[in-house]
Amino acid sequence: MIKFDSVTYVYPTGARALSDVSVEVGKGELVALMGENGAGKTTFIKHLNGLLKPTSGRVYVDGKDTRTLSVAQLSRIVGVVFQNAEDMFFLPTVEEEVAFSLRNLGFSEDVVQKRIDWALKFMELEVYKKRSPFLLSGGEKKRLALAIILAWNPQVIAMDEPTVGQDSMQKEKLKEMIKQLSLQGRTVIISTHDVEFVAELRPRVILMSRGKIVADGDADTILTDGELLRSCSILMPQVAATMSRLTDLGFNAKVISVEEAVRSIVKRLMEIEHTRRA
Amino acid sequence: MEIVRVEGLTFTYSGSEVPAVKDINLTMKEGEFVLLLGPSGCGKSTLCRCLNGLIPHFYAGKMDGKVVVAGMDVTKTPTYVLSQHVGMVFQIPENQLFSLTVENDVAFALENLGIPRDEIKRRVDFALRAVGIEELRGRSPFELSGGQQQKVAIASILALMPKLMLFDEPTSSLDPVSAKSVVDIISSIRKEFGTSIIVAEHRVELLADKVDRVIVMQEGSIIKDGKPKEVFVSEEFTPYGVPVPKVVSMAKGVNRHLRVFNDMPLSPEEFEQGIRGFLYDKVR
């Protein structure tokens, strides 16, 4: 669905934000892009909808070279939710915000209405239909930004730091929505350094540092590699950090979910007790 | 000695019908380290603003009750006096910085207070050293990383040597390593200078084993107040949508099968001790 082929991007200031990045993301995949602030995550995301075009190399979205398409054309395929959701709002009501891009994309008025209702319902915002977007809470603004994008049903949804400033309840909801979108077959890419959130979501993890991809694999493998994470200013999630202290007792250190950790601890403790009795 | 006394505090922002905080009663001893938890919009920031005088001096609204900080009635004390006793560090450090160099930013408030020049120099040195950013003193705050900027913001407050420091989600925009080092700095400020500290923060994993007390707010009220172990362990706690450190969930899960933890762990270190202690007791 997405293919980066030796992509390098240099900002006009001379800062090299992406350096020879090659990676493919398949249709329906759920990917977390991780790395310290300034690693190149946002620059990567801006290449998905053509806001930025590679200085050298190629980005292909659904098989098409992004240099040949406009942002408007690419946006039909890739919807991007940026970190500061508020920056994108400018209309008097929630409903009009969602309608605006739909009308721009040329949908007929009855389709526009149906899509608005569907998207606001999915994001649990239907009660705010007539409210000003600026009166919504931080979490609601983020959901509205996502609703606007879902309304035109792009195949790929990319979110830049979706958990920043969100409390645990909002994160829980966000996690469920991401899972649901992924189950519906959409390709979802989130950039984040929230390790606990990623540990719960367990997606494919692409780890970036200084504009390069330094690791790519499943969450269980990458989030339990303390040394690798530390080199990217990321810490292990607490479950993995705890288990890694007990490896000398034969505990499984490659665990990031609470449930699996509990199961493996109880099993190991019983084993130890059993051996001692024998 | 009491650093904070709040009695029957209710505040409603003008233009709003619902109070942002209602009937808050709270006392805090000097040197206490408090974690303030609760969902967005629960009143954490409003409470902090009442403690440093932004409410009622800058935010309009209706205020009832009494707020006494470091022996001063907040409503009757001008903010420039309060700021020498109560300092606040905000969520987004960039908004708090504006000078051309780190050093000037840290010195700014001191200059405004008319403190003598050599005293300013002494305090700037002290604050930069305390947060470990002496080598950044000549740099522009705007070319620094988010974590470094947050440290500059902390240093500029610390230079005022306040008795009470308030932190409103100080790590939310930082990567995990920077977040941890900011939390370590906050913790060392308390240890070294005995500063009273309130941190409003969602990342409980970073703070659970460092604070003396956890206060949970919901819809403008305090719904729980106690030692971290009591608050995180109580069964009815999770439904409020307030996060519990993962080690607490793990320990609870293990205890359902085997009675391993008599004392709830608040960090990976304490979890490890619990497991090793359990195995050791078994051998004996």
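In this predicted model, B:D23 comes out as partly exposed, because 14 other C-beta atoms sit within 10 Å, a count in between the cut-offs of 20 or more for buried and 12 or fewer for exposed. The residue is part of strand 2 of chain B, which covers residues 21–29. Its backbone is worth a look too: the phi of B:D23 is near 45°, a positive value in a residue that isn't glycine.

Chain A has a case of its own. A:D20 belongs to strand 2 of chain A, residues 16–25, and has a positive phi near 50°, again without being a glycine. With 15 other C-beta atoms within 10 Å, A:D20 is partly exposed. As background, most residues other than glycine have a negative phi, and most peptide bonds are trans.

The bond joining B:I55 and B:P56 is cis, with omega at about 10°. B:P56 is found in helix 2 of chain B, which runs over residues 54–57.

Then there is the contact between the two chains. Chain B puts in 32 residues and chain A puts in 32 residues. On the chain B side, the elements giving two or more residues are helix 7 (176–193), helix 10 (246–257) and helix 11 (268–283). Helix 10 of chain B gives the most to this side, with 7 residues. Sorted by class, the side of chain B that touches chain A holds 14 nonpolar, 12 polar and 6 charged residues.

Methods:
Residues numbered from 1 in each chain as written. Chains lettered and ligands numbered in written order. Predicted model: local features only at pLDDT ≥ 70, side-chain atom pairs only at ≥ 80, totals over all residues. Helix = DSSP H or I, 4+ residues; strand = E, 2+ residues; numbered from the N terminus. Contact = placed C-beta atoms within 7 Å. Nonpolar A, V, L, I, M, F, W, Y, C, P; charged D, E, K, R; others polar.
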